[in-house]
Protein chains: 2
Amino acid sequence: MSKSIPFTKIVSELPHTVPFVGPEAQERNTGIHFRARLGANESCFGPSPKAIAAMTAAGPESWRYGDPENHDLRVAIAAHHSVSPSNVMIGEGIDGLLGCMAHMFVEPGVNVVTSLGSYPTFNFHIKSRGGDLDLIPYVSDHEDLGGLIETASRKNAAIIYVSNPNNPMGTWHDAGAIKEMIANLPSGTVLALDEAYIECAPEGVAPEIYISNPQVLRFRTFSKAYGLAGMRVGYVLGHEDVISAFDKVRNHYGMNRTGQIGALEALKDQAYLMEVNSKFSAGRSRIETIASAHGMETIKSVTNFVAIDCGRDSAFSKDILARLLAKGIFIRMPGVEPQSRCIRVSVGLDHELDLFEEAFAEVLKEVS
Amino acid sequence: MSKSIPFTKIVSELPHTVPFVGPEAQERNTGIHFRARLGANESCFGPSPKAIAAMTAAGPESWRYGDPENHDLRVAIAAHHSVSPSNVMIGEGIDGLLGCMAHMFVEPGVNVVTSLGSYPTFNFHIKSRGGDLDLIPYVSDHEDLGGLIETASRKNAAIIYVSNPNNPMGTWHDAGAIKEMIANLPSGTVLALDEAYIECAPEGVAPEIYISNPQVLRFRTFSKAYGLAGMRVGYVLGHEDVISAFDKVRNHYGMNRTGQIGALEALKDQAYLMEVNSKFSAGRSRIETIASAHGMETIKSVTNFVAIDCGRDSAFSKDILARLLAKGIFIRMPGVEPQSRCIRVSVGLDHELDLFEEAFAEVLKEVS
């Protein structure tokens with residue numbers, strides 16, 4: 001790299017790795033066409049037809065910038081959660097909002113705590129600001145809330161990141177455990193609670209939205225159960241003093257107008273969301289049945305994906321995953337032992353799960 | 001603000017100001033409905049019908065994440081400019097890419113040079129990283145390239161920001177002047193050349209795209225002449241060592257899939273772009289004629305907007321602007337003397353320029 005380029009020391013020392021290589025890049029790199037897209041925890045059932053209709057109607061108006069305040073969507077989300085619009089910030093997916101949060105809280109010398117093998121994109125944002133990460137191992141495939149709190153307290157951490165329900169395992173803590181964690185947050189530590197899959201989960205997983213505590217930020221998205229991953233719409237709920245600070249750092253005109261409109265309609269169509277959740281539930285059962293036919297356990301999940309325990313080490317699961325990819329079945333797997341004994345399969349359309357079932361049987365025969 | 005929130009010192013000291021209050025917020029705040037939207041330099045003529053058709057077709061697939069590598073669009077842009085895809089990075093508008101650039105080059109103690117009264121969003125991104133801005137006055141309503149270079153050299157600046165054609169004045173330097181500036185760049189200084197309006201400009205304003213010089217970044221957008229402001233698609237052209245570093249800091253899944261698809265079709269339809277440019281040219285003439293009828297000069301522009309010299313001080317132009325807003329005519333004006341003697345009017349549809357013409361006459365009668 002030329003010395004004439006004034007990269008900061010932090011950026012010049014960052015590795016050239018990206019959090020997730022997308023399925024399209026995998027297809028380009030291997031020449032394999034993915035017949036089943038079961039690796040990104042999207043909703044193959046799509047968004048509400050009302051959202052699609054509204055986005056179609058918005059097409060000719062796409063020459064207009066979206067409202068940088070995201071007013072209409074923000075008001076609707078606030079009403080949905082019985083909070084004020086000042087407790088809601090919209091961003092380019094949870095990823096975009098996590099980047100803003102890192103900008104707000106992280107600089108060299110700042111400690112951040114997360115689970116080992118949890119969300120790589122969160123870690124990416126922290127490292128890109130020069131933060132130091134403490135990585136706490138899972139306990140029985142669950143995030144170790146006590147361990148996270150203990151470490152945050154000891155290290156004066158600025159942020160604890162927890163996903164509930166958890167990705168990549170699909171496990172969860174109930175609302176009571178999260179509330180206890182919040183009660184025990186060290187002073188000066190913010191809990192970044194990533195609830196990307198919360199719409200899939202039953203009552204009792206999410207605590208109430210209490211926005212009087214400035215140490216709690218709740219991240220939500222339209223990318224999962226709402227079926228709008230392609231439109232990049234996430235939001236964060238929190239105390240207005242923290243929410244308003246996002247305005248100091250965010251890309252104010254970063255939201256696309258069509259996504260604003262689609263998300264608003266998706267939010268309104270809660271009946272459709274319930275239908276989708278029934279399909280996720282049926283899909284999880286199907287994946288469990290497929291695994292069970294081969295004598296494999298699955299990790300109980302309340303998301304739109306299921307981790308299948310392949311019963312051996314990560315080399316074995318990696319081999320299975322590679323063979324499935326080679327057969328055109330796109331899935332992913334946890335990155336760290338012992339969770340990497342599993343492969344992670346998103347709920348798909350029936351014909352995609354048929355393809356997975358068939359390919360999985362072939363692969364297990366090959367590796368046995 | 002509670003002491004329990006671990007804001008960095010930089011962020012805690014940032015003011016609660018936003019670069020641009022959008023027209024929707026102005027309407028909400030005042031209760032006035034804007035009948036003419038002539039303030040955001042959008043393209044009221046809209047994107048190519050082929051782009052709209054492709055985005056409509058993409059609606060049902062909006063449950064899929066877009067390709068985080070933006071491969072298809074990146075390849076098409078590279079071919080359009082006869083460079084390699086490794087010289088192209090896509091982002092959430094030029095604003096998003098400027099934010100990434102600030103992340104790459106700016107930290108406390110870093111100096112950055114721009115023109116006084118130039119792009120507030122650029123300044124916003126620099127300040128949010130703790131950078132120090134030197135602001136160089138315009139000379140005869142043009143950015144002072146020599147002054148920018150001289151200051152950058154003296155202050156060891158990491159970045160010089162120049163927009164060519166310039167916003168908010170519509171003025172430009174020819175390619176020769178830009179090339180001379182590039183030849184004189186101090187070692188360790190990157191030129192951020194914002195060419196948001198370059199598709200509107202005639203031959204001879206943009207130098208060739210030379211990507212062998214890592215000190216030059218060229219920012220382009222689909223928001224202006226291509227008519228896709230609402231979809232948030234910008235790109236930057238440069239040396240591959242610098243372009244690849246955007247991957248270290250950007251929101252990899254930040255681009256919406258529909259926008260990727262729409263921009264690709266818009267790029268392909270260069271015939272439509274030429275039609276739009278004819279309309280911009282006619283619109284500029286119309287605005288010049290309206291101003292001239294009141295004895296006012298306009299600043300010669302090669303963009304989709306025209307600055308009208310109201311002939312007095314900024315208080316006078318501000319009064320005119322406020323009265324136009326009150327009549328439902330959304331326009332903006334430069335923020336700093338002496339450019340703030342002007343108001344800035346975007347090319348609009350015929351009926352919008354009719355409304356402007358009528359309201360402008362009324363306002364000038366009121367203030368005379």
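Which residues of α13(B) are buried? In this predicted model, the buried residues of the helix are B:Glu352, B:Leu353, B:Leu355, B:Phe356, B:Ala359, B:Phe360 and B:Val363. Viewed down the axis of α13(B), these buried residues fall within an arc of 150°, so they line one face of the helix. The other side of α13(B) carries exposed residues: B:Asp350, B:His351 and B:Lys365.

Helix α13 of chain B covers residues 350–367. It has 18 residues and reaches 26 Å from its first C-alpha to its last. That is close to the 26 Å expected at 1.5 Å a residue. Several elements of chain B cover the buried residues of α13(B). Among them are the helices α11 (270–292) and α12 (314–326). The strands β1 (36–37), β11 (329–330) and β12 (342–346) are also included.

Chain A has its own helix α13, again at residues 350–367. At 1.5 Å a residue, its 18 residues should span 26 Å, and its end C-alpha atoms are 26 Å apart, which agrees. Buried in α13(A) are A:Glu352, A:Leu353, A:Leu355, A:Phe356, A:Ala359, A:Phe360 and A:Val363. They line one face of the helix, because they fall within an arc of 150° seen down the axis of α13(A). A:Asp350, A:His351 and A:Lys365 are exposed on the other side. The buried residues of α13(A) pack against β1, α11, α12, β11 and β12 of chain A.

The nonpolar cores come next. The largest one holds 116 residues. B:Ile160, B:Ala192, B:Leu217, B:Leu228, B:Ile329 and B:Phe356 touch the most other members. Helix α5(B) gives the most to this core, with eight residues. A second, separate core has 115 residues, including A:Met104, A:Tyr161, A:Met181 and A:Phe246.

Neighbours within four places in sequence are left aside here. B:Ile329 is then in contact with B:Leu355, B:Phe356 and B:Ala359, among others. Its contacts also include B:Arg35, B:Ala36, B:Leu38 and B:Leu324.

The two chains also meet. The contact takes 75 residues from chain B and 75 residues from chain A. On the side of chain B that touches chain A, the elements giving two or more residues are α2 (23–30), α3 (49–58), α5 (93–105), α9 (240–243) and α10 (257–268). Helix α5(B) gives the most to this side, with seven residues. The residues of this side of chain B divide into 30 nonpolar, 30 polar and 15 charged.

Key. Residues numbered from 1 in each chain as written. Chains lettered and ligands numbered in written order. Predicted model: local features only at pLDDT ≥ 70, side-chain atom pairs only at ≥ 80, totals over all residues. Helix = DSSP H or I, 4+ residues; strand = E, 2+ residues; numbered from the N terminus. Expected span 1.5 Å × (residues − 1). Buried ≥ 20, exposed ≤ 12 C-beta atoms within 10 Å, placed from the backbone. Arc of directions from axis to C-beta. Contact = placed C-beta atoms within 7 Å. Nonpolar A, V, L, I, M, F, W, Y, C, P; charged D, E, K, R; others polar. Core = buried A, V, L, I, M, F, W, Y, C linked by C-beta atoms within 7 Å.
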